[in-house]
Amino acid sequence: MKLELARVVRGTGRLGVLRGLGRTAQHSLEVPGCLLYTHLGAVPHLTQDTLHTLSSLPSVTQVTLSNIAEHQEVLEEFKDGFRKFAGLHDTLLYCSLHDSAAPCPTGYTTNKTVSVWGSGGRIELTVAKFMALQKAVQPDWYQSMADGETWQNNTSRKRVRKSVDRTLAHLDECLLAHQNSQELEGVEVFGVVEGGDIPEERVRSARETAKRPVAGFCLDGLQTGSMDQALRTQLIAAVTKELPEEKPRLLQGVGRPDEVLACVEVGVDLFESFFPFQVTERGCALCFSFNISLDPERAGRALPAVLELNEDERDTAGETQHNGDVSLDDQTRMTSFEMNLKDKRYHDDFRPLVEGCGCYCCKNHQRAYLHHLLVTNELLAGVLLTIHNTAHYQGFFSALREAVAGDKLDILRRRVLRERKE
Ligand SMILES: [Zn+2]
């Protein structure tokens with residue numbers, strides 16, 4: 001894996017291509033970019049053939065051990081790895097520890113173990129069990145085992161220090177087992193940077209992790225709901241200064257467009273894409289604008305035009321962003337980047353979800369039909385919303401790369417936050 005940087009804006013925002021991905025080294029991934037969020041290899045609500053009607057999907061599929069751990073014996077018996085087990089073909093597999101869109105109870109880590117929570121409850125992982133799982137899954141990359149229980153803002157300095165120490169010890173053990181394993185030859189390991197909200201511990205974690213033979217870095221414990229964006233930006237800026245330029249940085253647990261933008265500006269390359277999934281689950285459609293092109297004709301063809309919410313909807317949706325409170329509820333609460341199609345006002349609204357959006361849902365259906373599907377609990381609602389939300393989110397990342405390339409991140413930020421003055 002090699003990150004070729006085409007441009008670095010103001011010393012930090014990075015545009016480039018990750019090349020030589022996968023065991024055959026044939027895949028690439030543009031950064032800033034995101035991974036494909038899945039439950040057990042499937043994008044929720046979509047079959048593989050429906051998924052592949054979408055264009056510009058990420059080349060890397062994310063699966064999580066919290067979903068997979070309880071199937072270890074079946075996978076070991078199957079022998080051919082998770083990709084084949086789940087019927088995935090031309091995609092790279094990245095295996096992370098937790099699912100950022102699922103709750104993960106705290107208080108269960110020890111010096112030697114971390115716990116993941118699947119549908120059948122808690123599963124305790126030692127490094128040996130963690131590595132046996134990686135051999136059964138056979139991913140292209142995986143996140144090393146980590147003690148990430150320090151995201152709550154009342155965590156003590158002593159607990160944060162312990163988390164950094166444990167995570168480094170887990171990484172060393174994982175790397176040792178990895179180097180001695182034939183099955184994992186050609187597979188890449190991402191080291192995990194912890195450190196809670198303490199800048200010195202963040203820097204220590206980054207420096208020490210960077211000394212190990214890792215292919216990239218996961219920035220953990222900075223998720224939406226754990227801290228405000230100003231502190232997150234400050235911590236990420238301190239961390240990315242310590243990391244080698246040619247290796248990618250993946251931020252876990254952050255997916256809101258405004259937060260993604262701010263994190264790209266301080267040197268984050270990769271994100272997870274659980275955000276459109278959360279939007280779909282609450283019956284909403286992404287509708288924020290990301291059109292930065294100055295040529296309106298081209299913009300109309302290439303990118304969805306902005307959808308204007310009426311004032312009271314905008315006010316309600318905006319509340320969660322500007323009240324300064326952060327809590328885990330923030331992850332499931334509606335944001336100002338989406339419209340709530342369950343709302344009665346859409347029952348006779350015959351416009352597409354987003355004017356100008358080229359997705360299957362917007363080309364074939366109206367808001368009124370989606371409203372009807374949602375209030376009658378029809379499964380098709382989830383299918384159509386996933387198609388639109390996935391396309392819209394990928395469109396945003398494409399605009400993000402265009403903005404870094406053209407030094408237009410300020411314009412994009414104003415578009416996304418709906419500020420009209422330029
Ligand atoms: Zn659409």
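**Two domains and an annotated site**

The protein chain splits into domain 1 (2-273) and domain 2 (286-306 + 332-416). This is a predicted model. Taken over C-alpha atoms, the centres of the two domains lie 28 Å apart. Domain 1 brings 22 residues to the contact, and domain 2 brings 24.

Look at the side of domain 1 that touches domain 2. Strand 1 (2-9), strand 2 (13-21), strand 4 (33-34) and helix 9 (257-265) each give two or more residues to it. Helix 9 gives the most, with five residues. By residue type, this side of domain 1 holds eleven nonpolar, six polar and five charged residues.

Now turn to the annotated site. An unreviewed UniProt entry places the feature "binding site" at C357, C359, C362 and H388. These positions are spread over 32 residues of sequence, yet they cluster in space. The largest C-alpha distance among them is 8.3 Å.

Where does C357 lie? It sits in the loop between strand 16 (338-340) and helix 13 (360-364). C357 counts as buried because it has 22 C-beta neighbours inside 10 Å, and the cut-off for burial is 20 or more.

H388 belongs to helix 15 (residues 379-405). Is H388 buried or exposed? H388 has 26 C-beta neighbours inside 10 Å, so it counts as buried. Which residues does H388 contact, leaving aside its neighbours within four places in sequence? They are A285, L353, C357, C359, C361 and C362.

Conventions: Residues are numbered from 1 along each chain as its sequence is written. This is a predicted model: local features need pLDDT of at least 70, side-chain atom pairs count only at pLDDT 80 or more; totals for chains, interfaces and linings use all residues. Domain bounds come from an automatic or database domain assignment. Two residues are in contact if their C-beta atoms, placed from the backbone, lie within 7 Å. Helices (H or I, at least four residues) and strands (E, at least two) are DSSP runs, numbered from the N terminus. Ala, Val, Leu, Ile, Met, Phe, Trp, Tyr, Cys and Pro count as nonpolar, Asp, Glu, Lys and Arg as charged, and the others, Gly among them, as polar. UniProt positions are given in the numbering used here, feature names are shortened, and annotations may be inferred rather than shown by experiment. A residue is buried if 20 or more other C-beta atoms lie within 10 Å of its own, exposed if 12 or fewer, and partly exposed in between; C-beta atoms are placed from the backbone.
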